[in-house]
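Welcome! Please take a moment with the sequence and the 3D view, and then let us walk through them together.

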Number of protein chains: 2
Amino acid sequence: MTPTITPIDPAELASRLRLGVTRLARKLRQQAEPGITPSLLSALSTIERAGPMTIGELCTVEQVQPPTMTRLVASLVEMGMVERSVDPDDRRVAWVRVTPAGARSLAQTRKRKEAYLAKRLRRLEPDRLAVLEQAAAILDQLVEGES
Amino acid sequence: MTPTITPIDPAELASRLRLGVTRLARKLRQQAEPGITPSLLSALSTIERAGPMTIGELCTVEQVQPPTMTRLVASLVEMGMVERSVDPDDRRVAWVRVTPAGARSLAQTRKRKEAYLAKRLRRLEPDRLAVLEQAAAILDQLVEGES
DNA sequence: TGACACTAATTAGCTTTGCGAACTATACTG
DNA sequence: CAGTATAGTTCGCAAAGCTAATTAGTGTCA
């Protein structure tokens with residue numbers, strides 16, 4: 001479908017992709033449940049997926065500076081979603097891990113949070129879904145190899 | 001390429017797409033030039049693209065509540081990027097349009113702002129670029145038909 | 001005409017998220 | 001042991017978003 005003969009201009013694509021991504025991100029942000037915000041959810045979700053990890057690792061994955069992550073983690077701890085512990089070998093390091101309550105909340109919350117997007121995705125034809133499926137993987141890589 | 005036989009689960013895709021989009025949006029935000037922020041640029045860009053428009057129309061396109069857009073437009077006016085005028089037929093309505101200075105700044109700024117993304121896109125193989133090209137269009141539609 | 005409802009945009013006040021700079025505590029190294 | 005490096009934290013600030021309440025202008029209809 002739509003085989004592209006003319007080479008794609010990365011700058012042009014960057015322009016359009018940036019707009020689309022920014023708007024979708026904004027729309028997703030609006031779907032936040034009361035209590036857990038998108039940033040908190042994103043961090044929590046990463047912690048669950050990547051297992052116990054340090055604040056620094058979290059910063060890298062979440063593309064956020066340390067002060068921001070310190071605050072996000074503090075919120076999650078206060079909510080009982082996450083536990084901190086000091087590394088016995090290097091006491092500067094803080095490990096974080098999801099609590100059972102956190103995992104439970106994550107499952108429920110994730111479902112609701114993504115309902116908005118899923119609802120819209122369900123209206124798409126299968127081949128468009130397939131495009132987005134591939135795009136999701138590419139987007140991940142795009143940000144991953146990072147300085 | 002990569003024909004998907006198994007049907008794609010929209011919920012699953014929603015999860016991954018949300019993470020990728022959120023992170024990329026965050027990374028893009030960090031590339032802001034001093035002076036013009038991503039939100040301002042997005043609004044300015046929309047005004048240029050969609051011609052003179054009202055604040056309300058801008059809110060719809062930008063997926064933002066009126067108070068937010070009022071503030072963004074006020075900033076743009078203060079910077080001389082945009083001009084406001086009162087609709088003579090309905091004096092509640094405010095029209096906004098890009099000034100020549102705004103267009104100029106937009107061209108420069110856009111180039112720099114998208115350099116980050118374009119730089120990464122250039123590392124991709126053509127067929128991956130093609131996927132993102134299609135994805136960009138789909139993302140636009142996804143948010144467009146909206147309640 | 002005058003009262004009432006509706007609409008476009010603004011103002012006010014709050015929250016979240018992000019940053020950089022400066023600091024603390026711990027670990028490493030020569 | 002002095003100096004340097006590293007992991008997180010605290011502080012203060014700014015941007016961007018929201019809701020609720022307000023202002024100003026339009027439209028309706030009795």
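This is a predicted model: local features need pLDDT of at least 70, side-chain atom pairs count only at pLDDT 80 or more; totals for chains, interfaces and linings use all residues.

## A walk through the two chains

S2(A) and strand S3 (residues 94–98) of chain A pair in the antiparallel sense over five bridges. Residues are numbered from 1 along each chain as its sequence is written, while chains are lettered from A and ligands numbered from 1 in the order in which they are written.

Two strands count as paired if DSSP finds at least two bridges between them. Strands (E, at least two residues) and helices (H or I, at least four) are DSSP runs numbered from the N terminus. In general, the strands of a sheet pair through backbone hydrogen bonds, either parallel or antiparallel.

Back in chain A, one bridge to find is that of Ser85(A), whose partner in S3(A) is Trp95(A). The whole sheet is open and antiparallel, with three strands in the order S1-S3-S2. Strand S1 (53–54) and strand S2 (82–86) of chain A are at the edges with a single partner strand each, so one side of each has no neighbour in the sheet. Across S1, S2 and S3 of chain A lies helix H2 (residues 38–49), which runs at about 90° to S3(A); axes are lines fitted to C-alpha atoms, for helices over the stretch in contact, and angles run from 0 to 180 degrees between N-to-C directions.

Now turn to chain B. Here, too, three strands form an open antiparallel sheet in the order S1-S3-S2. S2(B) and strand S3 (residues 94–98) of chain B run antiparallel and are joined by five bridges, and in S3(B) the bridge partner of Val86(B) is Ala94(B).

Next, look at a loop. Most residues other than glycine have a negative phi. Gln63(A), however, is not a glycine and has a positive phi of about 60°. Gln63(A) sits in the loop between helix H3 (55–62) and helix H4 (66–79) of chain A.

Technical notes: Two residues are in contact if their C-beta atoms, placed from the backbone, lie within 7 Å.
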